[in-house]
Every structure is written in structure tokens, then in C-alpha cells.
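I opened this entry to keep track of what I looked up in the model, chain by chain. The notes follow the order in which I checked things.

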Amino acid sequence: MNLPSILLSLLLFAHSPFLASEEARPLADDPVLEERVKAISYELRCLVCQNQTIADSNAGLAIDLRNQVRDMLKRGMSDTDIREFMVARYGDFVLYNPPVKNTTVLLWLGPLLMLVIAGVLAIRVIRSRSKSSASQDLADSDMNRARAMLSESDEKRS
Amino acid sequence: MTPEIGHFAIILAFCMSVLQSLFGLVGYARGYVQWMSSVRRTSYLIFLLTSVGFACLAISFLTNDFSVLNVASNSNSQLPWPYRLAATWGSHEGSLLLWVLMLTGWMAAVARFSRGIPTEMISLILGVMATVAIGFYLFMLLTSNPFDRLLPPAADGRDLNPLLQDPGMVIHPPMLYMGYVGFSVVFAFAIAALISGRLDTTWARWSRPWTTVAWAFLTIGIALGSWWAYYELGWGGWWFWDPVENASFMPWLCGTALMHSLLVTEKRGSFKIWTVLLAIITFSLSLLGTFLVRSGVLTSVHAFATDPERGVFILGFLVVVIGTSLLLFAWRAPKVGLGGKFQTVSRESALLANNVLLVVAAASVLLGTLYPLFLDALGFGKISVGPPYFDAVFFPIMAPAMFLMGVGPLARWKDSPVPDLMQKLKWSFIVAVVSALILPFVMGDWNVLVSIGLLLALWIALASIVNLGTRLKQIRSGRTVTLVSALSSIPRSYYGMLLAHIGVAVFIVGVTLVNGYEVEKDVKMSIGDTVSMGSYTIQLDSLEDLTGPNYEGVEGTLSVYKGERLVEVMYPQKRMYTVQQMPMTEAAIDTGFTRDLYISLGEPLNDGAWVVRVYLKPFVDWIWGGCFLMALGGIFAVSDRRYRKAGSSSAAATSAP
Amino acid sequence: MKVLKFLIPLVVFLGVSIFLFKGLSLNPREVPSPLIDKPAPAFSLPLLHETGSTLSTGDMRGQVWLLNVFASWCGPCLEEHPIIVDFSERGVIPVLGLNYKDNSVNAKRWLERHGDSYSSVVVDLDGRSGLDYGVYGVPESFLIDGDGIIRYKKIGPLSQADIEADILPLIDKYKR
């Protein structure tokens, strides 16, 4: 490296605001592991909190449980193992994503069921309305339509 | 003295409500014209009395009158005055007073701005609203008096919850309540329609602006709450599916459905029964929300201090109001006729499908919110239903509704031939699909959810543009009209609709991109350390102690560089509120059009370093921007000449004789 | 039939109301332990007073015993403590104290001041055993039978009524 280029690089560095700085270390030793801890923590409820996940809470119990999750992951346990561990101690209450069971069938199928029922009703309404030759107050609605058209053309003129 | 005046004003307001309810409802039944025409004036009076009551409580807070229990429990002499004012509605009792203030405000507004509506209808409407108010006054006076004295007075107050010490608290609850309570108007209209049997297109035209205004307020209220959570909780979440959030979201979903079904009822005279039922349901969900927040049946971050006695009272009130309404519905609805007929593919069908999806979405949120309670009450143990459930259930239901938003506005009433629709929307669809497939690549990382989200957003936006184009072509066909005059001849309600729909598209973009591309780094930082985030480099310059009026803490100074250029200096804080001994994370946010840079201080480490959380949140502000556009669309629609004309012409008519 | 259809909303609403009414008398934060009728998690923990020696769940086999989780930093424990002292002095069954995430010096001082009638006190410094027992709100108490099965759990302070109505009958049932 010749002198001018050294000078140049010095000049460039002197310009840089980060001369003596270093990139901050990530909090976790293993960021990949931390991602998994976080993902699981978002599905676990902090029992002492009002309604928070153990990922969001800084209560003592939440910190303990996060550490527990991290330990178990380090020991090579699966997400399912961890969930089972938590459920064994705190019951299903600890899971924000309730497992499908006899008691939660209605919870999980409810929305679909409602959608099907509402959909069938809607289709029946549409069928009957498109078939019915003369509805009771067609005259009334026609009047209104006429009125609406009149007022619209009114607006256009003004 | 002030609290006693306030208390007295509320008692008087209660008595006046009883009178108004009597005059309005009995006057209608008996045909006493004098009684019926008195309800407008009593509405103003009740609003005035309630305002006096509210002002008295606010004064007690502002003057630090710690002989008032409510002030002593929720304020502190060190609290800055805007928060002392906001503390007026920071407690259960105070927020209840805000609720009735809003209710009577809406009542007065109906009295003032519904000149065109016949006296018998107004008498019924204001009578019903007064009846709802009676329940709330009774609730306040019997179980939750905000003016209770404390003997002996406290030396100082226990302070407002630090989470609530924020500009968000000053504005969020009033907006939210305006929306919540605003649905009482359309509820009263619905009850009046059922009683009088006058359920026609004119009725729908009267009800529409009130519904839209309430909906716009609720939209803003919910968005503000979400934004507040975003910057106040310290890690940038913006929606948690917490029971209390759900309590405000369910009326919003039903209110959205209601706006659309009112449109059909007004234009086509159809869906009348459904519209009335929806109006009742929407307000019932508002009331249910009040119950959920105040009774303690569900655990939530936001819940007020609760006691069962209050719960029993509200539930009793709920059963009386909603039960009576639904009974009335069951009695009167079978006599309501059907509207005009329409074909399978038509705007009516699209709006019906929209209603089905929105209501099923609301019902699913309700199911998820109440399910733990159902199981517990049946003795099947305790479970939690959280974000994973709601995400899994809600989005699949909403996606088709979003798709319909592209089709519905272009479909014609009665019968809309499919080839014609396809012809109009062909290009929007192709462009949306192709862009949605390519854009995620451009952003660096392709994933299905981002692609679907962008597809829906683009589809809605493009279809809205096509819609405007088609409309302009219709106006200009066969006539020589300049573009400007063609644009200005289109009614504002139409622009309102477009704006609100584009707002939804903007909202979807925000949600999709922040979920797909958010970057988060948790780092240990000592002074001088840097962290790189996308194209930014952030350096911790200093950490300094800080003393606030009622807290102490630490403030970090961080410089943000883009390349080597300093673009922003940010100051996140960690505070400890001295009275409540509660730590708070005040994040520093650099807001931008395409991204937010979000920095929050974690905890100090042993070696003088701090845990710092840095987030890059792409397009996150589009979430609230979208909500704002939706609300703006609502306001635009209401300012339409049609509604104003109806008001002024009838005002002229009444003044004529 | 036609009218019945219009009654559906009312019926649904009244149904929900019944649940809401029942909900008022339930505590949403009280979580029943899944550990009831399950084997008590094993532990082997150092004793508070006799430094160096440990006590394990195996040592308690063959008798009904009460495990009381407490800490000197916990306010409600203080409220509960006279009842625990009174109960263990009656000598019906051994009452084992589990000092949860506490400083041993503070714990000893606390016991000196407020009375120590535990048959033994074990130290759970890092809260691991507490976690195994699903402890989240100190104080908590567990009744464990001679086979090492948990028969009863109370989260929060035990009251005299709990002892009379729940614990004593269970002791009679499981004591051989």
C-alpha cells in the first residue's frame, strides 16, 4: 500500500463518525435460539399478569418461564415438549392457542359453522328475491327509486 | 361545594331523563302533541346538566381536591394538568360520567339536527335515548358515584396509572366513547321504527348519517388506542386481541355492516328487517363491551377495578334494554314487508355477502372472547384464547370481504351481468395479481402472506380507480363536460365511499408489510457502540439521568446515520413513577412514510451497558393512516348535500307557518 | 313458525346473559391446578436451618403432609403465617415449608420474628422446584398423601375455613 492510499484511507476513516465504535453485541448468545424462545413465548400466558404473554411481560414468573423455555430448547426439546411441560404445571390456561379437544371443538368449528349457516341463509334470500315475481311493496320501492333518480338528476343540474 | 353541585346536577339530569322518557314514549302512545314536542327542549337541558356535572368533576381534578375519593385515588398534586384533566375519565366512575355526557350530547345533537323528522318520530327516538340514559344515571348514582367525598381528606392522591399518563389518554377515550355511544342514536331510530311501524327508505335516509358519524368516531377511537399501545408499551405491538379491544372492535364490525345494509334499505327498500336487527345488535355490543370492561368477568390489561355488584347492575340493565328491544323486534318484524327484487349477481347480493362476512367475523370474535367464560361456567376448566386463535379465524373470514370490496361498488343494483363486471375489472385483477407476485421479490423476501395481503390491497385500490373512471365516463358520455366539472358533479358520499375503501387498502398494506418485513434487534450497548439496521447505523452517544414532575429515570441519546449522514437523534427513556412505583418504557420513534425506526431502552446490565431494543417497522404508520382515511371517508359521506338539503328544506318548512 | 324465527336473536341473547351472570361469581384469575391427583414432583433441596443437609420428597413417603410455599418478601404470606403456625402446632400432619426464591438470611429473620413451627424448611433458591409445582402466586399450599400424590392445592393465603372444610377431611381420608 502506497502512501497516498494510506492517507486517503485515514482521511476517510477520520470522516467516519464510527471511528472508535464497535457493533453492539446481540443480547442473546445465540440469536437463532432466541427467535425460537420468542416464538414459543408469544403463545404462553403469564399467569400472574392481567392478560399478557410471557414474551411481553417482565413479571418475575414470565422471566423464569422464558429462561425455562430457553433451557429446554438448549437441551434439544421440541416445541411440543415445552408446551406439554407448561400444561402439566399450569393447565390449558397457559396456552393462548387452545388445543383442539372435546371442549374446544365449538370454539374452533364455531366460526366455520356460523359462516356456513349464514351463507346458506343468504343464498336462500338471494334465490327467493330473484325468483319472486311481485314483491309486496315493489311499488313503494319503485317510487323510491324514481325519487332517488330525480334527486340525483337534481344534483347533476345544480 | 363543587362536587356537591356536580352531584346535584347529575341527580337533576336523571330526573329530567325520567320525564323525557315519559313524555316521549307515553306522549307518542297517547298522541299528546305537547308532550311530544317537549322532548327536544328537555334533551338540551339534560345535556347542559350533565355538562355541569362533568365540569364539576373536572374542576375537582384540576384543583387537586383530595377530599373527593375519585380524585384522591386517581390523581396526584405532581401530575401535570392535562393529565389531571384526563384523569377525570381515568377511573371507572369518571369514565361512566363521560359515557353519559356523550349520550346526552348525541341526544342534544339529534334534537338539534333532525329538524326534518316528524315530531312523533323524534319524540320516540329521544324517548328511547332518555330511557337508556336513565339506566346509566341510576348505575352511576347507586353504585359508582364519582363525587363521593373522602373523610378525612387525603394529603395527596395515589396518582394516575402511569400507562394512562400520555397524550393518548387525553383524546382516545373521548373519541372511542363518541363512537360507542353514537350507535345509541341508530339504535333509538330502530326502536322508533319498530314501534311506529315506519320502517321505510325515508327512515333509512334519516339513520344513515348518524350511523356513519358514530362509526367514523369509533374508527378514530380504535386507531388512536392502537397507536397509543404501539408507542407506549415499549415493543411496538399495535393490536393484541385483548377482550377490551375486542369489545370495541365487535361494534365496529357490526357498525360497518350496518352502514352497508342501511345503504340497501335506503336505495332499494330491501334488507329492512336485517338492518333494524343489526342496529339493535351493534348498540347491544357497545353495551356488552361496557359490561365486559367493568364487571370483571374477563381478565384484561385495560379492565377497571371491578366489583360484582356493579356487574349485576349492568347485566340487569343489559337484559332489560336488549331483551326488550329484541322482544319488540320479534313482535314487529314479521309484519315488515320485503323490498324490491334483485338478481343473484347484483349490488344487493354483494352487500348481503359483505354483511354476512362482517357479522360472522364479529360473532367469531365474540365467540373467542367469551369462550373461556362459557367453559368455566360449565365447569370444564379454564382455557385462554389469544392472538393465535383470532389470527387464524379472523383473516380467512375477512379476505373474501376484502375481495368483494373491489366488486361490490361496481356492481349495478338489481341485476349486474357478470360479463360486464369482468370486462370492467379484468385489468385491475391482472395488474393486482402480477404486482402482488412480483413486489415481495423487490422487497427482498417472497412470502405467501405478504403476496396475498398486497393482492387484496392492490385489488381494492385499482378497482376503486376503475370505479371512478367508469363513473366519469358515464357522466361525460354524449355530453361535453370538462373533467373538473364532471368530478365536481359526483356527490360527496361517493367520494367518501372511495376514500374509505382506499383507507382499507392502505391499512392492509401497513399490516402486511410490518408483519412480513419487520426487523428487530435486541443488543447490549455501551456508550459509543453502534447497531446497524437496514441502511441505518445507530450509535449510542450518552445516557443521562432525568427527573420528571412525578417520575425519575434515564434518557439515552442515540444518533441515527444513513451511510455517514446524521439523519436523526433519538431519545428513548426508562422512567420510574415515584408514587405508583411502576417502571415505564418510553420508546423513541422516528416516524417515516415508509418505515418507523423504534428504539426502546431495556434494562441496565452489570457493566454499565444497557439492553437496547431497536426495531425497523416498514409501513407501520399506514395502519393508522388507513384508519384515518376510513374515518375521513365517513365524514365526507355525511357532508353530502343530500343530508344537508333534507335538513335545510324541512327547517324552512317548519318555519313557514 | 314465522314468528319463532324472529325470536332467535332474543333466545341467543338470553342464553349468553345466563353465562355472563354465572361469570360474575367466577374468578377468571383462579386457575385450577392440573397437578391434583398427580404425583408430586420430586425434589431434593437443602434445609434452611441445617446447612449442608438436604431433604427430598422420598423422605416424606408414607405420611400425609402439607407443603407450604412462602417467602419473606411476600406480603400475603405474612397474613397467612399465623394460621400455618397454629395448624402445624396442632401436630396433625408435618408441615414442610418451601422457602421460594428468597435470601436465606432474610428468611431466617422472618421466621424468628413471625414464628417457625414448620417441621422442616427447604430452600428453593432459583425457584426450580416451585416451577415444577406450578407455583405462580406465593403463598401456595399443597396437601400430599402417603403415596406422594397431590390431593389439594391452594393458591394464595390459606384460611382457617380452608383448613377446617377442605384440608382436615382430606387428611382423614388419606391418613391410614
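Predicted model: local features only at pLDDT ≥ 70, side-chain atom pairs only at ≥ 80, totals over all residues.

**Sheet in chain C**

I started with strand β6 (residues 140–144) of chain C, which pairs with β7(C) in the antiparallel sense over five bridges.

Strand β8 (residues 588–591) of chain B is joined to strand β9 (residues 595–604) of chain B by four bridges, and the two run antiparallel. I noted one pair here: Thr591(B) has Asp596(B) in β9(B) as its bridge partner. The link from β8(B) to β9(B) is a hairpin through three residues.

On its way onward, β9(B) is joined by eight bridges to strand β10 (residues 610–618) of chain B, again with the strands antiparallel. In this pairing Tyr598(B) stands opposite Tyr615(B) in β10(B). β9(B) and β10(B) also form a hairpin, with five residues between them. I checked the turn and found Gly608(B) there with a positive phi of about 85 degrees.

Is β9(B) mostly buried or exposed? I counted eight of its ten residues as buried, so β9(B) is largely enclosed by the rest of the structure.

**Contact between chains A and B**

I looked up the contact next. It takes 52 residues from chain A and 60 residues from chain B. On the side of chain A that touches chain B, the elements giving two or more residues are β1 (25–26), α5 (105–131) and α6 (138–157) of chain A. Which of them gives the most? It is α5(A), with twelve residues. By residue type, this side of chain A divides into 21 nonpolar, 19 polar and twelve charged.

There is strand pairing across the two chains as well. β1(A) is joined by two bridges to strand β1 (residues 519–525) of chain B, and the strands run antiparallel. Arg25(A) stands opposite Lys524(B) in β1(B).

**Confidence in chain B**

Last, I checked the scores. Chain B averages a pLDDT of 88, and 97% of the residues score at least 70. Where in chain B is confidence lowest? It is lowest in helix α19 (residues 641–655) of chain B, at a mean of 47, and highest in helix α18 (residues 621–638) of chain B, at 94. Over residues 646–657 of chain B the pLDDT is below 50. Beyond near neighbours in sequence, that stretch has eight contacts in the model.

Note on methods. Residues numbered from 1 in each chain as written. Chains lettered and ligands numbered in written order. Contact = placed C-beta atoms within 7 Å. Nonpolar A, V, L, I, M, F, W, Y, C, P; charged D, E, K, R; others polar. Pairing = 2+ DSSP bridges. pLDDT = per-residue confidence, 0-100. Buried ≥ 20, exposed ≤ 12 C-beta atoms within 10 Å, placed from the backbone.
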